Amino acid sequence: MADLNTNVRWISGIGEARSKSLNKLGIYTLSDLVSYFPRAYDDRRRFKQIKDLHPGESVCVAATVAFPPTLSHIRAGMDIVKLRAVDSAGSLNITFFNQSYMKNALIQGENYIFYGKISGTAKNPEMTNPIVEKNDGKGRSTGRIVPIYRLTSGITQNMVSRAVLQGLAACGDILPDPLPRGIQQQYKLAQSRFSYENIHFPNSPADLEIARRRLIFEELFVLSCALTFLKRNKKVKEGTAIIPADMREFYSSLPFQLTGAQKRAIDEALLDMAKPIPMSRLVQGDVGSGKTVVAAACCYNAFKSNLQSAFMAPTEILSMQHYETLSSMLSPLGIKVDLLKGSMKVREKRAVLEKLESGETDVLVGTHAIISENVKFKNLSLVITDEQHRFGVNQRAALTAKGISPHVMVMSATPIPRTLALMIYGDLDISIINELPPGRQKVDTFAVSEKMRARVNAFIRRLVGEGRQVYIVCPMVEDNETFSENMKAVKEYADNLQNIIFPDLKVGLIHGKLRPAQKEKTMAEFAAGNIDILVATTVIEVGVDVPNAALIVVENADRFGLSQLHQLRGRVGRGSHKSYCILFESSGAETAAKRLEVMCSTNDGFKISEEDLKLRGPGDFFGSRQHGLPEMKIANFASDINLLKLAQEAAQKTLSADPNLSKPENAMIKEHIKKMLEYNADTLN
Ligand code: ADP
Ligand code: MG
């Protein structure tokens, strides 16, 4: 007997190779399989008589094969099967390319259903590569709403839907069902079985909607319960109350005046830290809004009470940059800032660790390694993380395990509309820096096609001639199969730039696969002005600060999300120089062009994220783990806000009636919460 934990190989037709392909999609067990929801649907319910067909429409036609199909071999790699199908009043010409088996599969005199797009003319309609099934009432690919799944190489739509069908048949009575009966009835939610069956193979659009509503609610309900649990666990901890320091010395040491928004964020954080419960504050501000100085102010505040702070950045390069920035702000005030790097020699590392333990170090900067087991602080009271979505529960847990519950500040440039942020982060307090330092110039942005290449190169040369520096960003494909090829292309691109186009300038290359030490060296050379043009994959995306860089060119810009492009653009315009962003657009697709237009028309990160939402749909925007929440299978934080509210309400009710979820009817929720948190341990903050 199969159950939800049975391996997908149990399904007939799924062997070693196919199961590996399914694994790539995150499908290992029957539970994963039945929860692998379609990404779209194709409504193939409409039937037409051949005489009524119009070119351009996609329909089902029930027709009989009139003559034996013919197979012709056009050239190597090109076979064509042709046939004519007829119904009571018309005839339809059908062509299959490279499906020579159709010649014998389709038999003269038999009746089939063909589904496809009509071409030719109304008088002489044609179909190319239609979907075919026997007209025996048993077909699953025609005459109904058909699921479309996200695929990977080695598997087809048919394979997935057949596997899902088997999975549903085997597990129909034991499907995941975390919803307590009371909640299900109160919110008028469909049964589990109905929902799973109809989400895959909907009987009608109305049934699909009912199924979706139930499954989205279910997912958001489990999430809400999980978040409430986490929140509760956090609240009980005690923290160190820090008496707010007199900040005048710090403020007057800065080379600039703080903006009102920065001051507000600092005040809010200082008030939080004055309480005996740990601060949990998100500082959200667009790129360049000046979040680092807010962090520095908090470190100063802790230092004034003789307490240590830790500042974590997502990469070693960034931690070095932050080290420099924080040192320059804090060491003149007598604050000892140290840097801990993975690439340090053992001896150097040991020296840093000793100073840290003795309390000589006031502020430690590094990647998340600085809160690992063998790093001992004397009295850590504040942890600041830059780009919060890269730090997860594990890091928090590591700290708690050491018996410390420091004040935590997370800084993020991810522009999530405020209402959503509150919903998503729930218990986090949020400071928004909604004001850029004065004098910031808009980065002029242009979306261009390949035709402009020569002019862009001339522009690069002119800017470098004026003493400026340039970033050129090439997108990298992460997946392993194409990675090395892609890598080669980026290297060739950089070589070509150096040897052919700009032989007299200094071109550098930085990418994710370089050793950290090498990356740092290149970055440092760029920062020092020894490199004119830095070709980079997105490793420069977050936080890098080289004020002399005045132009960023993005190749294949349509492959990036708008928010990502906005982050990239934030690498320039950081100094006093007029700055530019040039986006090469390669696809020629209309939506791509529209998206890039948004970049050209505004520099406001919040507006851009809203546009991104509209154009790409929230799925992409919120699906890319930008928010630090578990990935949702079906729910969508933007479009399902109403259901999210209901689910939150239901979660509150359930948890106040049964705070530890120990009643039998709530046993399943607990299990699902555990699964959600485990599965997403790295992303859930
Ligand atoms: P981000 O929010 O992207 O982390 P940074 O903290 O790196 O921004 O600040 C960007 C730049 O703006 C830095 O060079 C910083 O010195 C400068 N800056 C920050 N605050 C101000 C201010 N109030 N006035 C002028 N410049 C500022
Ligand atoms: Mg920053």
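This is a short chat about a predicted protein model.

Q: What am I looking at, and how are things numbered?
A: Residues are numbered from 1 along each chain as its sequence is written, and chains are lettered from A and ligands numbered from 1 in the order in which they are written. The model is predicted, so to speak of local features takes pLDDT of at least 70 and side-chain atom pairs count only at pLDDT 80 or more, while totals for chains, interfaces and linings use all residues, and side-chain values use heavy atoms, with hydrogens and water left out.

Q: How many helices and strands does the protein have?
A: There are 23 helices and 22 strands. Both are DSSP runs numbered from the N terminus: helices are H or I with at least four residues, strands are E with at least two.

Q: What share of the residues is buried?
A: Of the 685 residues, 52% count as buried. Buried means under 20% relative accessible area, exposed means over 50%, and partly exposed is in between (1.4 Å probe, protein chains only).

Q: And what share of the contacts comes from residues 24 or more positions apart?
A: They account for 72% of the contacts with a separation of 6 or more. A contact means heavy atoms within 4.5 Å.

Q: Which residues have the most contacts inside the largest nonpolar core?
A: Leu33, Phe217, Leu220 and Phe221 do, in a core of 54 residues. Such a core is a set of buried Ala, Val, Leu, Ile, Met, Phe, Trp, Tyr and Cys residues joined through side-chain atoms within 4.5 Å.

Q: Which helices supply it?
A: α2 (30–34), α4 (157–171), α6 (192–200), α7 (205–235), α22 (641–657) and α23 (667–679) each supply at least two residues of this core. α7 gives the most, with 12 residues.

Q: What does leucine 33 touch?
A: Leaving out residues up to four places away in sequence, leucine 33 touches Val8, Ile11, Ile27, Ala163, Val164, Gly167 and His200.

Q: What is in the second core?
A: That separate core has 40 residues, including Val294, Ala302, Leu307 and Leu382.

Q: Back to His200. How far is tyrosine 41 from histidine 200?
A: They are 8.9 Å apart, C-alpha to C-alpha, and 159 residues apart in sequence. Tyrosine 41 is in strand β1 (residues 40–43). Beyond four places away in sequence, tyrosine 41 touches His200 and others, among them Ile145, Pro147 and Leu208.

Q: Why does tyrosine 41 count as partly exposed?
A: Because its relative accessible area is 26%.

Q: New topic. How much space lies in the second largest pocket?
A: About 1,100 Å³. On a 1 Å grid over the protein atoms alone, a pocket is an open set of points where a 1.4 Å probe fits, with protein on both sides within 12 Å along at least five of seven lines. Points are joined across faces, edges and corners, and the volume is the space filled by probe spheres set on them.

Q: Which residues lie nearest its centre?
A: Gly288, Ser289, Gly290, Arg440 and Arg574, out of 50 lining residues. A lining residue has an atom within 4 Å of a point.

Q: How does the lining split by class?
A: It has 18 nonpolar, 22 polar and 10 charged residues. Ala, Val, Leu, Ile, Met, Phe, Trp, Tyr, Cys and Pro count as nonpolar, Asp, Glu, Lys and Arg as charged, and the others, Gly among them, as polar.

Q: Which domains and helices does that lining draw on?
A: Domain 3 (248–433) and domain 4 (444–602) each give at least three residues. Domain bounds come from an automatic or database assignment. α10 (291–303), α11 (316–330) and α18 (562–569) each supply at least two. α11 gives the most, with 6 residues.

Q: Which residues other than glycine have a positive phi?
A: Asparagine 98, at about 50 degrees, is one of them. Leucine 661, near 50 degrees, is another. Asparagine 98 is in the loop between β5 (90–97) and α3 (102–105), and leucine 661 is in the loop between α22 and α23. Asparagine 98 is partly exposed at 46% relative accessibility; leucine 661 is buried at 2%.
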